[in-house]
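Please look over the structure shown here before reading on. A short briefing follows it.

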Amino acid sequence: LIPYEEFFDPFAVAELLPVISTREFFDRCNNTLQMDIYHKAQPDVVNPQYEAALGLYTYPSRHPDKHLNITPVTVSTFRYLVNRTDFPFCVGVNWPAKFTKKPIFGHRNRPGDPTLGADWERSENFRKIRRAIQPAYYLKHIAQQYMSQYPPYIAAHIRVGDFEKWCRTKRTKTKCPPFDTVVQTMHRVSEQFSNIKDIFIACDPVAIDDVLIKLKQAARLAGYTFQFFTLPKAVTPHGATEPLSPDVKGIVEQVICSHGEAFIGNQYSTWTHAVRHYRLMDAKPCKSHFYWGFKGDPPVCPPP
């Protein structure tokens, strides 16, 4: 379980369906789920750190009352959950994203390709849902405070981490552009946008130091300034200090990237595509969005 409002704005979702806060939901449920639903192919998907933080009980063995009948339900298709009227109020659904993304991302084309992505992104239903998924207000505020310190910038998403396991064979190296390509693309985009030399880097915190060292050593990027975001330990939105989960850092970085004069990302990254959608919703020019220019790069702007 991940509290939605910790990452996104529940009031935006309320335009599509009734919404109550996570805390209110569990208060009504006495912190106990009457039914917990899992996909049968992955029935053990849990986020125990959030369950502990919320004081949520999902299994009888974890509840003070060991006799409660909280039986996990496993299903094989999402259709089981649609239009059901016999569910109790306190239901949890644990649904790994890979079981819903597969019909789209398993296709040989990617979002951004004319034959699939253009139609998908032009879908009114998709745009309606995308508009309803907005970063939480307090995260936007953190991003605005950060952006106010810097002049106009170009934002770049350099994907590492789990992408490394995709880059070990010749067949999959197109998913991971070589460093020379990163340098060349940054320089080319800078020239197209009034020679802006302030670059914001969104990257895995584990790899950011190594990435910055390599960028600063690149002769072609001499005179460039590189910035990155460090999440504050706490915020005080209402006068009281509230600790921040490190998991929200990526959402703040997406907001920062969405406000750049231009944005460079990886076509195989859903993180990159989220930034692209935010930029399009904010009426940023389509031609201000770039992918690292490696083999297989699709057209950035869908045809009219």
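The points below go from the whole chain to single residues.

This is a predicted model, in which local features need pLDDT of at least 70 and side-chain atom pairs count only at pLDDT 80 or more, while totals for chains, interfaces and linings use all residues. Residues are numbered from 1 along each chain as its sequence is written, and side-chain values use heavy atoms, with hydrogens and water left out.

**Overall make-up**

- The protein has 11 helices and 10 strands; these are DSSP runs numbered from the N terminus, with helices being H or I of at least four residues and strands E of at least two.
- Of the 304 residues in the protein, 43% are buried. Buried means under 20% relative accessible area, exposed over 50%, and partly exposed in between, with a 1.4 Å probe and protein chains only.
- Among contacts in the protein with a separation of 6 or more, 71% are between residues 24 or more positions apart. A contact means heavy atoms within 4.5 Å.

**Strand 9 and its partners**

- Strand 9 covers residues 262–265; Ala262 and Ile264 point one way, Phe263 and Gly265 point the other way, and all are buried.
- Strand 4 (residues 154–157) pairs with strand 9 in the parallel sense over three bridges. Two strands count as paired if DSSP finds at least two bridges between them.
- Isoleucine 154 has alanine 262 in strand 9 as its bridge partner.
- Strand 10 (residues 289–291) also pairs with strand 9 in the parallel sense, over three bridges. Here glycine 265 stands opposite tyrosine 291 of strand 10.
- Between strand 9 and strand 10 the chain passes through helix 11 (residues 270–281), and this β-α-β crossover is right-handed. That term applies if, with the strands pointing away from the viewer, the path from the first strand over the helix to the second runs clockwise.

**Aromatic rings**

- The protein has eight aromatic pairs. Rings of Phe, Tyr and Trp (its six-membered ring) pair if their centres lie within 6.5 Å; planes under 30 degrees apart count as stacked, over 60 as edge-to-face and the rest as tilted.
- Phenylalanine 25 is in helix 2 (residues 22–28) and phenylalanine 89 is in the loop between strand 2 (72–75) and strand 3 (91–94), so their pair ties together parts 64 residues apart in sequence.
- Phenylalanine 25 counts as buried at 17% relative accessibility, whereas phenylalanine 89, at 44%, counts as partly exposed.
- Tyr146, Tyr150, Tyr153, Phe200 and Phe229 make up one aromatic cluster.
- Lysine 214 has its charged end over the ring of phenylalanine 179, 6.0 Å from the ring's centre. A charge sits over a ring if NZ of Lys or CZ of Arg is within 6 Å of the ring centre and within 35 degrees of the ring normal.

**Glutamine 134**

- Glutamine 134 is placed in the loop between helix 6 (124–132) and helix 7 (137–147), and counts as buried at 18% relative accessibility.
- A polar atom of the glutamine 134 side chain lies 3.1 Å from the backbone oxygen of arginine 131.
- Beyond its neighbours within four places in sequence, glutamine 134 is in contact with Phe8, Asp9, Ala12, Lys140, Tyr278 and Met281.

**Valine 13**

- Valine 13 belongs to helix 1 (residues 10–13) and, at 15% relative accessibility, counts as buried.
- Beyond its neighbours within four places in sequence, valine 13 is in contact with Tyr4, Val19 and Ala132.

Technical notes
Polar contact = N/O pair within 3.5 Å; in protein donor to acceptor, adjacent residues only side chain to side chain.
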